[in-house]
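The following note sets out numbered remarks on the model shown below. Please read each remark with the structure at hand.

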Amino acid sequence: MDETVSLDLAVEDFSSEYDIETLIEKINYEDPAFLIGILVSLAVVIITIVLLKYLLGSKTTRNAVLLVGLCDSGKTLLFSRLLLGRFKRTQTSIAENSAIYKAKNERGNSWTLVDLPGHESLRPQFVERFKASARALVFVVDSALFQKEVRDVAEFLYSLLTDSVVAKNAPSLLVACNKQDIRMTKSAKLIQQQLEKELNTLRVTRSATLTSQDGSVGGAVYLGKKGRDFEFSQLPMRVEFVECSARGGQQGDEGDADIDALEKYLAKL
């Protein structure tokens with residue numbers, strides 16, 4: 001019995017060795033150009049599969065629209081208006097709110113709308129958690145209190161724009177100048193101009209810490225272009241400023257919100 005098994009194994013080994021030798025001989029007799037063509041074709045197939053996996057993976061993971069901003073800027077009310085289409089009383093958030101938002105366009109795109117807490121002690125951890133999945137950032141500004149809060153607004157925005165992950169992914173940025181229903185509010189154009197000046201000042205005071213050869217340190221990147229005053233047009237992402245009002249305007253809380261510009265922006269993502 002053992003002799004029979006040994007004989008079978010020997011035959012299999014001989015057959016395998018013979019097949020390999022035969023294959024090698026056939027390859028040696030083939031035209032080199034033909035073999036190179038096969039190798040190039042295989043390489044193209046492999047590279048294509050890798051690229052498709054990378055691109056499709058990026059599209060499926062970066063599907064979040066993050067509502068960010070200081071406390072009481074109106075993020076949560078905008079979140080409710082976009083999802084429910086009506087006024088809803090809110091309170092300061094200590095955790096994120098998230099829901100699926102269907103864009104108002106023919107494609108019917110859907111995004112995960114995420115309202116992040118605006119408290120200074122909570123912002124960093126929630127930004128860190130969601131920044132990699134951001135397809136867009138909606139930075140909500142209280143237009144009525146902007147003059148008072150301009151420094152805090154600029155510092156938060158600076159931390160976002162110089163984050164290495166945000167800079168690499170380059171999600172589109174919308175600065176939503178909220179509470180335009182209140183008298184004597186700042187316009188979107190004025191807010192943009194003042195933010196550019198404040199961000200330029202912050203860049204001067206903080207850029208001394210950027211010492212590595214690639215212009216980054218501690219997960220931060222240089223804001224804008226060196227040797228030039230900062231402008232939002234220098235950023236790697238698309239940037240827009242719009243005016244909006246999450247409240248009901250002159251008709252009070254029950255009136256229609258003025259968020260058309262915000263909805264049009266989300267429809268273009």
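1. Of the 269 residues in the chain of this predicted model, 39% count as buried. The accessible surface amounts to about 16,400 Å², and carbon and sulfur atoms account for 55% of that area.

2. The secondary structure consists of 8 helices and 6 strands. Read from the N terminus, the order of elements is α-α-β-α-β-β-α-β-α-α-β-α-β-α. When contacts between residues at least 6 apart in sequence are considered, 72% of them join residues at least 24 apart.

3. The largest nonpolar core comprises 38 residues, and Leu-66, Phe-139, Leu-195, Leu-199 and Phe-232 have the most contacts inside it. Two or more residues of this core come from each of β1 (64–69), α4 (123–130), β4, α5, β5 and α7. The greatest contribution is that of α5, with 9 residues.

4. Helix α7 deserves a remark of its own. The helix covers residues 188–206, and its 19 residues reach 26 Å from the first C-alpha to the last, close to the 27 Å expected at 1.5 Å a residue. Its buried residues are Ala-188, Ile-191, Leu-195, Glu-196, Glu-198, Leu-199, Asn-200, Leu-202 and Arg-203. An α-helix has 3.6 residues a turn, so residues three or four places apart point the same way. In α7, Ile-191, Leu-195, Leu-199 and Leu-202 are among the buried residues. The list of buried residues also includes Glu-196, Glu-198, Asn-200 and Arg-203.

5. Which elements do the buried residues of α7 pack against? The partners are the strands β4 (134–142), β5 (172–178) and β6 (239–243), together with helix α5 (146–161). Leu-199, in particular, is in contact with Ala-154, Leu-157, Tyr-158, Leu-223, Phe-230 and Phe-232, leaving aside its neighbours within four places in sequence. Leu-199 and Phe-232 are both among the residues with the most contacts inside the largest nonpolar core.

6. The whole structure contains 3 aromatic pairs. In one of them, the ring centres of Phe-139 and Phe-156 are 5.4 Å apart and the planes meet at 55°, so the pair is classed as tilted. Because Phe-139 belongs to strand β4 and Phe-156 to helix α5, this pair ties together parts that are 17 residues apart in sequence. Phe-139 and Phe-156 are both buried. The charged end of Arg-123 sits over the ring of Phe-156, at 4.3 Å from its centre.

7. For Phe-232 and Phe-241, the ring centres are 5.1 Å apart and the planes stand at 70°, so this pair is edge-to-face. Phe-232 and Phe-241 are buried as well, and together with Phe-230 they form one aromatic cluster. Elsewhere, a charge is placed over a ring at Tyr-222, where the charged end of Lys-226 lies 5.3 Å from the ring centre.

8. Is Glu-263 buried or exposed? With a relative accessibility of 12%, Glu-263 counts as buried; the residue lies in helix α8 (residues 260–267).

9. Most residues other than glycine have a negative phi. Asp-72, however, has a positive phi near 65°, and Lys-179 has a positive phi near 65° too. Asp-72 is placed in the loop between β1 and α3 (75–84), and Lys-179 in the loop between β5 and α7. Asp-72 is exposed, with 57% relative accessible area, whereas Lys-179, at 19%, counts as buried, the limit for buried being under 20%.

Definitions and conventions:
Residues numbered from 1 in each chain as written. Predicted model: local features only at pLDDT ≥ 70, side-chain atom pairs only at ≥ 80, totals over all residues. Heavy atoms only, no water. Helix = DSSP H or I, 4+ residues; strand = E, 2+ residues; numbered from the N terminus. Expected span 1.5 Å × (residues − 1). Buried < 20%, exposed > 50% of the residue type's maximum accessible area, 1.4 Å probe, protein only. Contact = heavy atoms within 4.5 Å. Phe/Tyr/Trp six-rings, centres within 6.5 Å; stacked < 30°, edge-to-face > 60°. Lys NZ or Arg CZ within 6 Å of the ring centre and 35° of its normal. Core = buried A, V, L, I, M, F, W, Y, C linked by side-chain atoms within 4.5 Å. Areas by Shrake-Rupley, 256 points an atom, 1.4 Å probe, with all protein chains shown as cover.
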